[in-house]
Amino acid sequence: MRIEQLEYIAAVTQHGSLRRASEHLHISQPALSEAITKLERELGVTLLDRRRAGARISREGQELLHSMSDVLEAVDRLRLAAGDQSAGVSSVRVGTVHAGTATVLLPTLRRFSSEHPRTTVEVRTLVQEDIYLALVEGAIDVGLVNLLDGDDLPPTIEGTTLLRGRPVVVVPTAHRLAEREEITVDDLRDEPFVGMRAGYLMHRFAHRVFGRDLPRHWHATDGAEMGKMMVAEGLGLTLLPDYSVIGDPRESGGHITARPLAGDRSRVTMTAVRRHQARTTSGTHSLLELLAATARGVSGSARTP
């Protein structure tokens, strides 16, 4: 068994395919595949499920992933102690839905980069179910998801509440409905609507609100950031968590605003999630602490729309 074989497994797990891992590692794909196959024969287990769409760590590989990570971190500490300063560079991988990117995640990353200059951060934008899957497979360390009241986390996932809020209607500041104290569902049906794509929580919420009587003109997009941009450009109205809007540069700059949805008492929660009982690196622990601190600051300065 060689250390680089463990590094190869970690790379395939992170990048999701032998091809992308080989490009990242700057070795040929056949050489990478052969090295992993030799490790599988030596251990007597299948570490990767190789599929046409890519390679993912197998169930047996998941059970060994913690031990492999422990070995790689121990080697990293040994190299650092021996004076190899480059070994001090580590990384934290984050999977996130778009809500809260501007108000929570980006401010956290700025502070994290300042306090941990030798730790890199990889951010992947994913739908919620893909975040859960990536956590279980060890492809990311931390996830940011939204939950409606009554939603449960999968049994393999544990979470920490960051923000609590409510769904609101997002409108251009110059729109006639921005003059209302609240906006009704019928008001929304009469306007072009910017809906989230299937897989996002606000897609599910919008269909709950409209039922079978959907707005006549419905755009679809991936996530809150593009949704806010489309609203600012006058392409329609949308529904988002209030903490995704209040404090956003487009809201602060006067391009969009948020109004309560009349008669709705739903609550939505931004949650930082991790794999249950996963080993926490110092970088991951620090990032989680900074996310919580940023969220407390957002909660303390929140304005009710």
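**Entry 1: terms and whole chain**

I call a residue buried when its relative accessible area is under 20%, exposed when it is over 50%, and partly exposed in between, using a 1.4 Å probe and protein chains only. By that rule I found that buried residues make up 47% of the 305 residues in the protein chain. I note that this is a predicted model, in which local features need pLDDT of at least 70 and side-chain atom pairs count only at pLDDT 80 or more, while totals for chains, interfaces and linings use all residues. Residues are numbered from 1 along each chain as its sequence is written, and side-chain values use heavy atoms, with hydrogens and water left out.

I looked up the overall extent and found that the C-alpha trace spans about 65 × 40 × 35 Å along its principal axes. The chain has 11 helices and 12 strands, where helices (H or I, at least four residues) and strands (E, at least two) are DSSP runs numbered from the N terminus. Taking contact to mean heavy atoms within 4.5 Å, I noted that 74% of the contacts between residues at least 6 apart in sequence join residues at least 24 apart.

**Entry 2: domains**

I read the chain as divided into domain 1 (1-87), domain 2 (89-162 + 268-304) and domain 3 (167-266), with bounds that come from an automatic or database domain assignment. The centres of domain 1 and domain 3, taken over C-alpha atoms, are separated by 44 Å.

I count two strands as paired if DSSP finds at least two bridges between them.

I then followed strand 3 (residues 90-96), which runs parallel to strand 4 and is joined to it by seven bridges. Gly95 stands opposite Arg124 in strand 4.

I checked its length: at 1.5 Å a residue, the 15 residues of helix 5 (residues 101-115) should span 21 Å, and its end C-alpha atoms are 20 Å apart, which agrees; the expected span is 1.5 Å times one less than the number of residues. Among the buried residues of helix 5 I listed Val104, Leu105, Leu109 and Phe112.

Leu162 has its place in strand 6, and it counts as buried because its relative accessibility is 9%. The residues it touches, not counting those up to four places away in sequence, include Leu144, Met270, Ala272 and Leu291. The C-alpha atoms of Leu162 and Gln29, 133 residues apart along the chain, are separated by 41 Å.

Arg274 lies in strand 12. I found that Arg274 is buried, with a relative accessible area of 9%. With residues up to four places away in sequence left out, Arg274 touches residues including Asp141, Glu158, Arg279 and Leu288.

I found three strands forming an open sheet in the order 10-7-11, with antiparallel pairing. Strand 10 (238-241) and strand 11 (256-260) stand at the edges, each with a single partner strand, so one side of each is left without a neighbour in the sheet. Neighbouring strands of this sheet are turned by 45 degrees against each other on average, direction ignored. Five bridges join strand 7 (residues 167-172) to strand 11, and Pro172 stands opposite Ile256 in strand 11. Helix 8 (residues 201-210) lies across strand 7 and strand 10, at about 125 degrees to strand 10.

**Entry 3: aromatic rings**

I paired rings of Phe, Tyr and Trp (its six-membered ring) if their centres lie within 6.5 Å, with planes under 30 degrees apart counted as stacked, over 60 as edge-to-face and the rest as tilted. The count comes to three aromatic pairs. Phe193 and Phe210 form an edge-to-face pair, 5.2 Å centre to centre with 85 degrees between the planes. Phe193 sits in strand 8 (residues 193-196) and Phe210 in helix 8, 17 residues apart, and both are buried. Ring pairs link Phe193, Phe210 and Trp218 into a cluster.

Key. Axes fitted to C-alpha atoms, helices over the stretch in contact; angles between N-to-C directions.
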